[in-house]
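Subject: Structure for you to look through

Hi,

Here is the structure I promised to pass on. Please open it alongside this message, and my notes follow below.

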Amino acid sequence: MSSLIPQLPALQVVIPLFAAPLCVLAGRTGLAWFIALAASATATLTAAVLAYLTYHNGTISYEMGGWEPPWGIEYVVDTASAFILLLVASIGTMVLIYSPASVGKEIRSGRGHLYYCMYLLCLTGLLGIAITGDAFNVFVFLEISSLSSYALIAMGGQRKALTAAFQYLIMGTIGATFFLIGVGLLYMMTGTLNMADLQTRIPGIQDSRPVLAAFAFITVGLALKAALFPLHLWLPNAYAFAPSGVSAFMAATATKVSLYVLLRFTFTIFGAKFAFLNLPLYWVLLVPAVFAMFAGSFSAIFQRDVKRMLAYSSVAQIGYITLAIALASSAGVTAALIHIFNHGLMKAALFCAMGCIFYRIGSTRIDAMAGLGKQMPWTMTAIVAGGLSLLGVPLTAGFISKWYLVQAALQSNLWWLVVLIVLSSMLALVYVWRIVEALYFKEPVAGNEGIREAPLSMLLPTLLLAGANVYFGIDTRVPIAMAENAADLLLRGQIW
Amino acid sequence: MRHHRVLRIISKLLIPFIMLFALYVQFHGDFGPGGGFQAGVIFGSAFILYGLIFGLEYARMVAPPAIVTRLVAAGVLIFAGTGYAGLFAGGNFLDYGVLKSDPVAGQHLGILLVEFGVGTTVAASMITIFFLFAGRDR
């Protein structure tokens, strides 16, 4: 066991990577599900051990293939990456536990094992992005996760899933290409791709035009991948038409991982001084973030489909995270990381609950689910818990996020920002209320009389995720300790 | 195109050599230009040529889609398995140096296996893509 521990950073990524082709060879959906679950649970355990080790003993470095960095690919686990690894792996596992019933309903028969293969590849990609210390390797994993998510979205039952996937493919490829152009320019100027090495080499040449262009390309590329307003247009359709499990997994993790890469490049590689003093990253992030908060929430209010509504809500929530990053203070980065974690919990719970409803009534339109509150009481409990967390009501995880966000804004003397945060949260109240009103206070739709509660295999993970929203609203020790530690690490040595 | 005698005979003549050339590019890749990806494409093109000349049904008989799909996965497993072999032999993941007592021979063996995995996956992917596009109307 002790000889296994130094290998954990590699195993974190290659266990799901190895299990993905096994799912194809397994050929049967049930067996593939079991392989996927085993791999994903192992990844969660690995992430937990890595998080524990990095929190107590500091950063872990791993030389892929035995090649010494900066020549070889280096994997670096620090508290920031371990925090993201833990979020991605644990949400991935929860959604997998939830998946069999919904896959049986939503994925064309004979394709289930391919679904789990793609799911594991997506998980591999997201974990790889978080763990790698090599700029080009980020791109490789970005493509692994993106390509598999295009396929996953296209597996959605409706024909529109194909156009949604295609739209995401075009936008996602533009984003990844921009990122690659940026990395290429950096390589041209520094001759290295290792993040730590880039960090030491950039300061000498930071005013050269290629480095400025590289920073611009990387920021825009990542903003596209993270669906920052106004580059969010791919997101609502992708989340609305994807299979339920994919919506839950992607909404909780995919855009968050891009934001994590943005944090890495801004603070670790380029440095806060370069990004925020030499270049106007503050305004570049702040203005779209504020627009995202309002435009996302406004659009959410007028949606007829709850999955689309939640997708637009994600656009708004990404605005909050970006806003916190733009503050570029220790408090701001802490708030961003906490909201990355908490928003993952909220959206996973809400999308899972929508999957439960879709499983029973075959639709997530708000009119179609009127009056279901009495027939599906547990699913509704999850929706209410997730919704309250989205609003930021005390004793939910969302409150902790908002609290840290407001604190960070006040620390930067931006009281008007606090007003905007509170105002946009009010908008969330409107759309969450629309769901609750439809479920509890509207007359049931004819034909929905026989609807029962969702099966236990779906309900249990949904309720666990909803419970996590409440739990992390009360016991905040772990996420906050990790986020603060990670923020210190990202901002260490920055003149700010 | 089965009734075009020239095409049929020339392609029958060419296909074994295309495959042989693919194997050369595959296994000579660590000394000369080439490697798994190129070899996989060339190997796959032999099947695609067969499919174009003799028809999709025959091509599907030669390379049953169920097996080809599994080969796509098997290639990835060969690649990742080589990585694990390095790990179990006491090195890091993908460290071929520890596969044999002589590190250079180990590197040689490792890259050969990895490239074989790449070649398998690429060839099988090429054939799958051809089958999917050619059989779209069915």
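Predicted model: local features only at pLDDT ≥ 70, side-chain atom pairs only at ≥ 80, totals over all residues.

In helix 13 of chain A, A:Tyr320, A:Ala324 and A:Leu327 meet A:Leu405, A:Ala408 and A:Ala409 of helix 16 in chain A. By class, that contact has six nonpolar residues, with no polar and no charged ones.

Helix 13 of chain A (residues 306-327) has another partner in helix 17 of chain A (residues 415-441): the axes come within 11 Å and cross at roughly 170°. The two helices are therefore roughly antiparallel to each other, and this crossing, too, is left-handed. On the helix 13 side you will find A:Val306, A:Met309, A:Ser313 and A:Ala316, and they meet A:Ser424, A:Ala428, A:Tyr431 and A:Ile435 in helix 17 of chain A. The residues of this contact divide into six nonpolar, two polar and no charged.

Helix 18 of chain A (residues 456-474) is worth a look as well. At 1.5 Å a residue, its 19 residues should span 27 Å, and the end C-alpha atoms are 26 Å apart, which agrees. Its buried residues include A:Met458, A:Leu459, A:Pro461, A:Asn469 and A:Phe472. What do the buried residues of helix 18 of chain A pack against? Their partners in chain A are helix 3 (79-106), helix 14 (330-361), helix 15 (377-391), helix 16 and helix 19 (477-491).

Now for some backbone details in the loops. Most residues other than glycine have a negative phi, and most peptide bonds are trans. Here are some exceptions to look up:

- A:Pro69 and A:Pro70 are joined by a cis peptide bond, with omega about 5°. A:Pro70 sits in the loop between strand 1 and strand 2 (74-77) of chain A.
- The peptide bond from A:Phe229 to A:Pro230 is also cis, with omega near 0°. A:Pro230 belongs to the loop between helix 8 (209-225) and helix 9 (235-241) of chain A.
- A:Ala227 lies in the loop between helix 8 and helix 9 of chain A, and its phi is positive, near 60°, though the residue is not a glycine. With 29 C-beta neighbours inside 10 Å, A:Ala227 counts as buried.
- A:Asn413, in the loop between helix 16 and helix 17 of chain A, has a positive phi of about 60° without being a glycine. A:Asn413 is exposed, with 8 other C-beta atoms within 10 Å.

On to the other chain. Of the 138 residues of chain B, 40% count as buried. Among contacts in chain B with a separation of 6 or more, 63% come from residues 24 or more positions apart.

Finally, where the chains meet, 13 residues of chain A are in contact with 14 residues of chain B. Helix 1 (8-26) and strand 1 (60-63) of chain A each supply at least two residues of the chain A side. The largest share, seven residues, comes from helix 1 of chain A. By class, the chain A side divides into nine nonpolar, three polar and one charged.

Conventions:
Residues numbered from 1 in each chain as written. Chains lettered and ligands numbered in written order. Contact = placed C-beta atoms within 7 Å. Helix = DSSP H or I, 4+ residues; strand = E, 2+ residues; numbered from the N terminus. Nonpolar A, V, L, I, M, F, W, Y, C, P; charged D, E, K, R; others polar. Axes fitted to C-alpha atoms, helices over the stretch in contact; angles between N-to-C directions. Parallel < 35°, antiparallel > 145°, perpendicular 65-115°, else oblique. Left-handed = near helix turned anticlockwise from the far one by under 90°. Buried ≥ 20, exposed ≤ 12 C-beta atoms within 10 Å, placed from the backbone. Expected span 1.5 Å × (residues − 1).
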